[in-house]
Amino acid sequence: FYIATRPPLHPLFHSIYVVFHEKRKGVVKQREKMRNKLYLLLVLLSLFNSVHVSSQEKYISLGAHEHHEHIGQMEHPLSGIQIHNIVVALSKSASIKVDGPTLLGSKGEDFEWVTINLRNAEPSQDDWVGVFSPANFNESICPPQTSKEEQSGAPFICTAPLKFKFANYSTSKYTKTGKTSLKFRLINQRGDFSFAFFSGGLENPKLISVSKYVAFSNPKAPLYPRLALGKSWDIMTVTWTSGYSIDEAVPFVEWGWKGQVQQRSPAGTLTFHRNSMCGSPARTVGWRDPGFIHTSFLKDLWPNVEYTYKLGHLLSDGSVVMSKQYSFKSPPFPGQESLQQIVIFGDMGKQERDGSNEYADYQPGSLMTTDTLIKDLDNIDAVFLIGDLPYANGYISQWDQFTAQVEPITSRVPFMIASGNHERTWENSGSIYNGLDSGGECGVPAETLYYVPAENRAKFWYAADYGMFHFCIADTEHDWREGSEQYKFIEQCFASANRHKQPWLIFAAHRVLGYSSNEWYANEGSFEEPMGREHLQKLWQKYKVDMAFFGHVHNYERVCPIYQNQCVNKETSHYSGVVNGTIHVVVGGGGSHLSQFTTLNTRWSVFKDYDWGFVKLTAFNQSSLLFEYKKSKDGKVYDSFTISRDYKDVLACVHDGCEPTTLAN
């Protein structure tokens, strides 16, 4: 049992949330009985003001595997801060001061390093500093209280910081001298900032000093462009974030061939609100205004041309605010034979370059993956991140931090995403899973901040083309089983591939619907998400899908070409001829904490790696493809194979993959 000990908001009653990730339906009834008994016990304890179980911060674990990842690793680091316990204890013997200018981004920068100096006459190893935005983080920004009881128990602070550091981060001498300096990297997030100095640790924080405000010169500036493939090959979409509503300015993109006359295309504007969230912490301490999200469609692109673009806003007074200039290369014509390079991975997470421990060791490989991809970006045409992006888990400010981290990638190449459990899963919200993994987001930030060419972005399945590749992206947070709406889409997506022009047919989804030697899957005896390959393998076989990629499991594993649990090809480094089985790949080592393999010998496993990394697919022509698994730490290749075949090999009849024939002449 993992029980949080934070007191409730309401002075008379406790809000009791018991977290049950009902992953496996076969034991629901037994667990329901246990849950009822536990709930009664917790309510009785709450009457004595002794227990509060948070819906996101702590877990009650029943059985060997109620939740996939380790309990301690699943807690969002910001959730460790007991926001509603904060008391004001301002002290003249403590101070926090900004060392340097308080106006940031005077030359158009979208991030700045800020140094703060701390002094405390009574230092402790538990002292810490939080970065808050908006800078005025007191009760004035709390949601309205609806009753006298709520008003009487209203907290002084009701929002989590963007990030935090312990005061002794830079030097262990702090506890002796009471003096130190910390450096924070701030990004432009549509608001001013203040640094708050706390004693009492994260459990019982006491606010002892607050810095002066700092702010960017234009906090509303258009920032963090995200490119994505459109619904046809000759459309590139550009999505970005700003502080300008449609009442203040008209958004647009100024774009064209590099060095040529530029044109302007309009953009649509979206946002979401606190009441768009499904639960806590997204509706409570994790809420932060996301600003405005704009998307423009750059149409009628010529193939293989370098375009430049700028993000713009036409203000009501006639003036124009423009971003810096970015560039991208337009996609090739479908079927065009040329060098085409695609990167695929999942479960990236985010890290702070200033060492802020709001994520501690939660996603320790995230920056390695980011930086390695940036270094090789000239040799990458598109990136597919197949679910679990920032692991914001209901702390909405972290989406800004993530979009800023990956901006050097997303501003230059199409950045296609899939929906993961940490984007979508929430109880009673239409997800096939009934856990609390999204922290109350229930998919809203992901589908708003990132464009995908889906018919309905709330249902995250879609098709995408890039040259000789045809991608079918599934949404494992919605039903994929035979007879479902998504199953019909998956079959239609496979069937629509013209294998003469686009021979490389790729399936990708977040949760493992194929094969994995991961420890928790092995303990359950499934080696997959239940009902995954049982429903989909006949489609993979019928349409001769080349590869199926999955995340969710935070490691790398390559499986042999396989059908019905049997390897159908004994080769490991080169595959040629008839496509008689799909190669399954788990590539969930994008940055989050790693997942252990089982000690069992899975005969279909070709290569395993307990490390962070990604896959790169290189299509040379319609007959030759190179597969490479690269580690994030150095970008070197640790596993690879090649495929060579002719069009007739794709057409050939294989077991359960034959077109009907007739004896008629």
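Biologist: In which sense do strand β20 (residues 382–385) and β21 pair, and over how many bridges?

Modeller: Strands of a sheet pair through backbone hydrogen bonds, either parallel or antiparallel. Here β20 and β21 pair in the parallel sense over 3 bridges, where pairing requires that DSSP find at least two bridges between two strands. Within this pair, Leu385 stands opposite Ile417 of β21. Helices (H or I, at least four residues) and strands (E, at least two) are DSSP runs numbered from the N terminus. This is a predicted model, in which local features need pLDDT of at least 70 and side-chain atom pairs count only at pLDDT 80 or more, while totals for chains, interfaces and linings use all residues. Residues are numbered from 1 along each chain as its sequence is written, and side-chain values use heavy atoms, with hydrogens and water left out.

Biologist: What is the order of the strands in the open sheet?

Modeller: The order is β21-β20-β19-β31-β32-β33-β28, giving 7 strands with mixed pairing. β21 (415–417) and β28 (574–576) are the edge strands, each pairing on one side only. On average, neighbouring strands are turned by 20° against each other, direction ignored; the angles are taken between N-to-C directions of lines fitted to C-alpha atoms, for helices over the stretch in contact, and run from 0 to 180 degrees.

Biologist: Which elements do the buried residues of α5 pack against?

Modeller: They pack against β19 (340–345), α6 (397–410) and β31 (613–619), contact being heavy atoms within 4.5 Å. The buried residues of helix α5 (residues 366–375) are Ser366, Leu367, Thr369, Thr370, Thr372 and Leu373. Buried means under 20% relative accessible area, exposed over 50%, and partly exposed in between, with a 1.4 Å probe and protein chains only.

Biologist: Which residues of the largest nonpolar core touch the most other members?

Modeller: A nonpolar core is a set of buried Ala, Val, Leu, Ile, Met, Phe, Trp, Tyr and Cys residues joined through side-chain atoms within 4.5 Å. In the largest core, of 60 residues, Ile344, Phe471, Met547, Phe549, Leu617 and Phe627 touch the most other members. Residues up to four places away in sequence aside, Phe627 touches several residues, including Met547, Tyr556, Arg558, Val585 and Asp639. Another core lies apart from the largest one and has 27 residues, including Tyr433, Ala509, Val512 and Trp540. Trp540 is also one of the buried residues of helix α11 (residues 533–542), and the buried residues of α11 pack against α9 (485–495), β24 (504–509), β25 (547–550), β26 (556–563) and β29 (582–587).

Biologist: Which backbone angles deserve attention?

Modeller: Most residues other than glycine have a negative phi, and most peptide bonds are trans. Phe527, although not a glycine, has a positive phi of about 55°; this residue lies in the loop between α10 (519–524) and α11. Phe527 counts as buried because its relative accessible area is 17%. His552, in the loop between β25 and β26, has a positive phi near 70° and is buried, with a relative accessible area of 1%. A cis peptide bond joins Ser133 and Pro134, with omega about 0°, and the bond from Ser280 to Pro281 is also cis, with omega near 5°.

Biologist: Over which residues does pLDDT stay under 50?

Modeller: pLDDT is the predictor's confidence in each residue, from 0 to 100. Values stay under 50 over residues 1–37 and over residues 42–74. The chain averages a pLDDT of 88, and 86% of the residues score at least 70.
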